[in-house]
Amino acid sequence: MTAAAQLVVHRDKELMAQAAAARLITKIVDAQAARGSASVVLTGGRNGNGLLAALSSAPARDAVDWSRLDLWWGDERFLPEGDPERNYTQARAALLDSVPLDPARVHPMPASDGPYAVGADGDGADAAAAAYAAELAAAAGPEHYQSAAGAAGGPVPTFDVLMLGVGPDTHVASLFPESPAVRETERTVVGVHGAPKPPPTRVSMTLPAIRSAREVWLLAAGEDKAKAAAIALSGAGEVQAPAAGAHGRSRTLWLLDAAAASQLPRGLYPPASP
Ligand SMILES: O=C(O)[C@H](O)[C@@H](O)[C@H](O)[C@H](O)COP(=O)(O)O
């Protein structure tokens, strides 16, 4: 599937964030024109937040009807509400608190101190994941009932754009190489335990849920992502390289800066001349 991925390489990570923000504005405006509303899945991490901050200062942000935008998260660090390391907290600071969203359409993953507080058996993240899967299923219209996600996990809405930061080990969302979460084929959201990137306890969409999006955008900037991008785009398996398994139904787009693209195989970048 990665053979069908499209690549766009920008000079540096600042330009990448600005161009990706412009691209996202256009995508949301087009979806709202075509279907009345738009549905976007946000990612944690520096690149995802850089994109949101760039969107926040883009004059064209006012072209978006923020009240007709559904926001979901691809993963969350299982921490207390308001924790500065929570992806939701960081997205609010970068953009969400400064635009007129409909609160009913903003769907953060549960925090660790609410109804899903870690119990004696440590299964809080698993219960939070099940609750988020149910929230996704409730939001999916009947037309999505036969979605790509497995029946046991329930359906998910058809997201217009699902964004993923890529880790230096090729992880996306909280799907780490060789982990149980990346092997999940039924559930749409799972609890993650013992993650190599802190914090160790997380909640994550799975590859079947990710693959139900119309478009999946993978964001990678910096020299430390060069090897990961090269591996994921060179035919690696998704269990060893989760980013290789992240693709959209109609488009898979890698947005990179020059440093992250520096180890890509020749022909992939720069593209071969006709
Ligand atoms: O919660 C998280 O940490 C993530 O969602 C994670 O998958 C992140 O997106 C990547 O690790 C890339 O992060 P950077 O953009 O900071 O490199």
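For the first stop, one cut-off is needed: an angle between two axes counts as roughly parallel when it is under 35 degrees. The model on your screen is a predicted one.

**The pair α2 and α3**

Select residues 46–56, which form helix α2, together with residues 87–94, which form helix α3; the axes of these two helices come within 8 Å and cross at roughly 25 degrees. Because that angle falls under 35 degrees, α2 and α3 are roughly parallel to each other, and their crossing is right-handed. To see where they meet, show the side chains of Asn49, Leu52, Ala53 and Ser56 on α2 and those of Gln90, Ala91 and Ala94 on α3, the residues that make the contact. By class, this contact of α2 with α3 consists of four nonpolar and three polar residues, with no charged one.

**The surroundings of α2**

Keep α2 selected and ask how much of this helix is covered: eight of its 11 residues are buried. Those buried residues are Asn47, Gly48, Asn49, Gly50, Leu51, Leu52, Ala54 and Leu55. If you now colour α1 (13–35), β2 (38–42), α3, β5 (161–165) and β8 (215–220), you will have marked the elements against which the buried residues of α2 pack.

**The ligand**

Next, centre the view on the ligand, which is surrounded by 16 residues, the closest being Gly44, Gly45, Arg46, Asn47 and Gly165. Which element gives the most to the shell around the ligand? It is α2, with three residues. Coloured by class, the shell shows three nonpolar, nine polar and four charged residues.

Select Phe78, in the loop between β4 and α3. Is Phe78 buried or exposed? Phe78 is buried, because 29 other C-beta atoms lie within 10 Å. Leaving out residues up to four places away in sequence, Phe78 touches Ser112, Gly124, Ala125, Ala128, Pro199, Thr201, Arg202 and Val203. A distance drawn from Phe78 to Val192, C-alpha to C-alpha, comes to 9.1 Å, although the two are 114 residues apart in sequence.

Move on to Leu101, in the loop between α3 and α4 (124–139), which counts as partly exposed because it has 19 C-beta neighbours inside 10 Å. Apart from neighbours within four places in sequence, Leu101 is in contact with Trp66, Leu69, Leu96 and Val106, and its C-alpha atom is separated by 7.7 Å from that of Arg68, 33 residues away along the chain.

**Backbone details**

Pro199, one of the residues that Phe78 touches, is found in the loop between β6 (189–192) and β7 (202–205); show its backbone, and you will find that the peptide bond from Pro198 to Pro199 is cis, with omega near -5 degrees. Another cis peptide bond joins Tyr269 and Pro270, with omega about -5 degrees, and Pro270 lies in the segment after β9 (251–257).

Finish in the loop between β5 and β6, where Thr170 is found and where Glu178 also lies. Thr170 is not a glycine, yet has a positive phi of about 75 degrees; with 27 C-beta neighbours inside 10 Å, Thr170 counts as buried. Glu178 has a positive phi near 65 degrees, but this residue is exposed, with 11 other C-beta atoms within 10 Å.

Conventions: Residues numbered from 1 in each chain as written. Predicted model: local features only at pLDDT ≥ 70, side-chain atom pairs only at ≥ 80, totals over all residues. Axes fitted to C-alpha atoms, helices over the stretch in contact; angles between N-to-C directions. Helix = DSSP H or I, 4+ residues; strand = E, 2+ residues; numbered from the N terminus. Parallel < 35°, antiparallel > 145°, perpendicular 65-115°, else oblique. Left-handed = near helix turned anticlockwise from the far one by under 90°. Contact = placed C-beta atoms within 7 Å. Nonpolar A, V, L, I, M, F, W, Y, C, P; charged D, E, K, R; others polar. Buried ≥ 20, exposed ≤ 12 C-beta atoms within 10 Å, placed from the backbone. Near = placed C-beta within 6 Å.
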